[in-house]
Amino acid sequence: MNDGRRQAEQHSEELEELAAGYALEALDADDTARFHAHFDGCDRCRDLVAGFRGIAAMLPETLTPVSPSPTLRDRLLAEARRDLDQAAEPVPLAPIPLDERRATDGRAQSALWALSLAALFAVTLGFGYLNYRLQQQVARQAVALDAQALVLQAVAAGGRQWTLNGTADAPGAAGLLVQDPSNTRPLLMIHDLPPLGQQQSYQAWVIAGGAPLQAGLLERATDTAYVARLDRSLDSADTVAVTVEPAGGSHAPTGPIVVAGRL
Amino acid sequence: MALLQQRDLGAFETLYDRHHRVTLALAYRVVGDFEAAEDVVQETFLAAWRQSETYHHARGRVRSWLLSIARHRAIDRLRRARPPGQLVELDPSVVDPRATDVLEAAEESARRDRIVQALKTLSDEQRQTVELAYYGGLTHKEISERTSLPLGTVKGRMRLAMDKLRLALADLAPDEGGRA
């Protein structure tokens with residue numbers, strides 16, 4: 001399997017020249033793969049890239065600010081509120097000040113009252129959490145069903161399919177990549193992936209000529225299944241792979257490849 | 001940002017109020033269409049809201065983080081809209097090395113003024129090369145084809161331009177981390 005890695009070269013002026021292009025994401029696929037292989041082991045190039053990225057981040061600060069249409073702010077806030085409503089996490093209750101209650105005259109009665117409140121708190125919290133989990137499960141089932149329906153549609157429409165297999169880091173995993181002729185964004189479904197840590201994501205990569213290009217984060221559909229509409233077309237790609245990355249994803253692969261498939 | 005990471009709606013409003021205009025300016029500069037640029041801004045702020053844990057203080061300013069999200073989304077949109085093998089037609093102000101609209105509007109802050117002054121030290125060709133990569137999302141090869149310059153010249157110009165900016169602005173720029 002082509003895992004997008006190649007032999008690292010010794011530092012050279014030519015490689016150093018690529019650092020600016022790498023920071024501006026202006027390298028072609030071959031140069032990206034070449035520089036990326038060298039970059040990890042070269043302090044000089046890592047420093048250069050870090051400095052150049054800092055410069056690149058400043059460039060848009062010189063643009064003349066533009067005002068949006070007045071409704072944009074309202075639309076955004078409505079979306080954010082919807083997110084909060086959907087999360088529907090149980091509201092934490094204030095702890096009961098047991099010590100203060102015990103200090104009053106009706107000590108036994110207050111203690112019983114406090115215990116009742118504590119029990120009510122626990123039950124409320126339990127129901128709230130159960131409700132939250134159920135909502136999450138329903139949402140994930142909907143994602144899984146939507147993805148299955150899309151795959152069926154794509155296959156019925158004559159879409160191309162490829163299988164992806166788990167690597168040594170996820171030997172039980174497998175997946176299906178479908179190119180729907182009516183949609184430029186391929187659909188990726190992977191099942192039996194190992195559980196992720198809280199600060200981790202699965203990220204898809206389209207690899208062309210040894211250069212991995214980020215293709216989007218996978219969305220959890222069931223406990224072990226994930227789906228994604230890839231952000232990249234498969235034109236000129238030879239491999240699609242999924243890696244474990246920090247939450248939110250990376251610009252270049254940093255974690256192990258868990259599934260991959262040749263196109 | 002700590003409040004945003006706790007899903008505080010007020011913090012989200014503050015984030016938007018502080019940074020939306022420059023985010024829209026960047027998106028518009030890249031995609032060249034106001035409606036599409038607003039879509040990019042919406043996607044950017046929702047991504048910031050939903051994935052605020054991906055921001056790390058040590059890796060740069062909040063504005064840089066937001067603008068990086070916006071740039072990637074805008075360029076992705078540009079690439080999806082661009083048929084394979086065809087280069088995007090950029091706004092002339094992006095490729096015209098004599099364009100001064102951006103430079104003339106530089107009084108907003110001392111920081112901005114410093115960056116503008118540093119950009120002015122570049123030759124027109126160097127600035128054009130950097131802008132085609134940053135705002136146009138073009139690779140060395142695509143810039144070479146676009147400008148009819150040898151590939152080696154494009155690579156050299158980009159390196160020289162970024163070196164000049166790095167030296168001029170070293171005290172303003174926190175390193176953005178060795179990896180993206």
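This note goes through selected features of a predicted model with chains A and B.

1. Basis. The model is predicted, so local features are reported only at pLDDT of at least 70 and side-chain atom pairs only at pLDDT 80 or more, while totals for chains, interfaces and linings use all residues. Residues are numbered from 1 along each chain as its sequence is written, chains are lettered from A in the order in which they are written, and side-chain values use heavy atoms, with hydrogens and water left out.

2. Chain B overall. Chain B has 10 helices and 0 strands; helices (H or I, at least four residues) and strands (E, at least two) are DSSP runs, numbered from the N terminus. Along the sequence the pattern reads α-α-α-α-α-α-α-α-α-α. Of its 180 residues, 51% count as buried. Buried means under 20% relative accessible area, exposed over 50%, and partly exposed in between, with a 1.4 Å probe and protein chains only.

3. Contacts and surface of chain B. Among contacts in chain B between residues at least 6 apart in sequence, 69% join residues at least 24 apart; contact means heavy atoms within 4.5 Å. The accessible surface of chain B comes to about 8,300 Å², and 49% of that belongs to carbon and sulfur atoms. Such areas come from the Shrake-Rupley method with a 1.4 Å probe, and for residues only the protein chains shown count as cover.

4. The open sheet of chain A. In chain A, 9 strands form an open sheet with antiparallel pairing, in the order β5-β4-β8-β9-β1-β2-β3-β7-β6. The edge strands are β5 (211-217) and β6 (219-220) of chain A, each pairing on one side only. Two strands pair if DSSP finds at least two bridges between them. Glu219(A) stands opposite Val227(A) in β7(A).

5. Strand β8 of chain A. Strand β8 (residues 239-246) of chain A has 7 of its 8 residues buried, so the strand is largely enclosed by the rest of the structure. Strand β4 (residues 200-208) of chain A is joined to β8(A) by 8 bridges and runs antiparallel to it. Tyr202(A) stands opposite Val244(A) in β8(A). β8(A) also pairs with strand β9 (residues 257-262) of chain A, antiparallel, over 5 bridges. Here Thr239(A) has Arg262(A) in β9(A) as its bridge partner.

6. Helix α1 of chain A. Of the 11 residues of α1(A), 8 are buried, so this helix is largely enclosed by the rest of the structure. The buried residues are Leu15(A), Glu16(A), Leu18(A), Ala19(A), Ala20(A), Gly21(A), Tyr22(A) and Ala23(A). What do the buried residues of α1(A) pack against? They pack against α2 and α3 of chain A together with α9 and α10 of chain B.

7. Packing of α1 with α3 in chain A. Helix α1 (residues 13-23) of chain A and helix α3 (residues 43-58) of chain A pack at an angle of about 35°, their axes 8 Å apart. Axes are lines fitted to C-alpha atoms, for helices over the stretch in contact, and angles run from 0 to 180 degrees between N-to-C directions. The crossing of α1(A) and α3(A) is right-handed, meaning that the near helix is turned clockwise from the far one by less than a right angle. From α1(A), Glu16(A), Ala19(A), Ala20(A), Tyr22(A) and Ala23(A) meet Arg44(A), Cys45(A), Leu48(A), Val49(A), Phe52(A) and Arg53(A) in α3(A). The residues of this contact divide into 8 nonpolar, no polar and 3 charged. Ala, Val, Leu, Ile, Met, Phe, Trp, Tyr, Cys and Pro count as nonpolar, Asp, Glu, Lys and Arg as charged, and the others, Gly among them, as polar.

8. Two positive phi values. Just after α1(A), Glu25(A) takes a positive phi of about 55°, although it is not a glycine. Glu25(A) is found in the loop between α1 and α2 (29-39) of chain A and is partly exposed, with a relative accessible area of 31%. Ser148(B), also not a glycine, has a positive phi of about 60°. Ser148(B) lies in the loop between α9 (140-147) and α10 (151-168) of chain B and is exposed, with a relative accessible area of 65%.

9. Gln42 of chain B. Gln42(B) is found in helix α3 (residues 34-50) of chain B. Is Gln42(B) buried or exposed? At 17% relative accessibility, Gln42(B) counts as buried. Not counting residues up to four places away in sequence, Gln42(B) touches Leu72(A), Arg75(A), Leu76(A) and Glu79(A). Gln42(B) and His20(B) are 22 residues apart in sequence and 9.3 Å apart in space, C-alpha to C-alpha.
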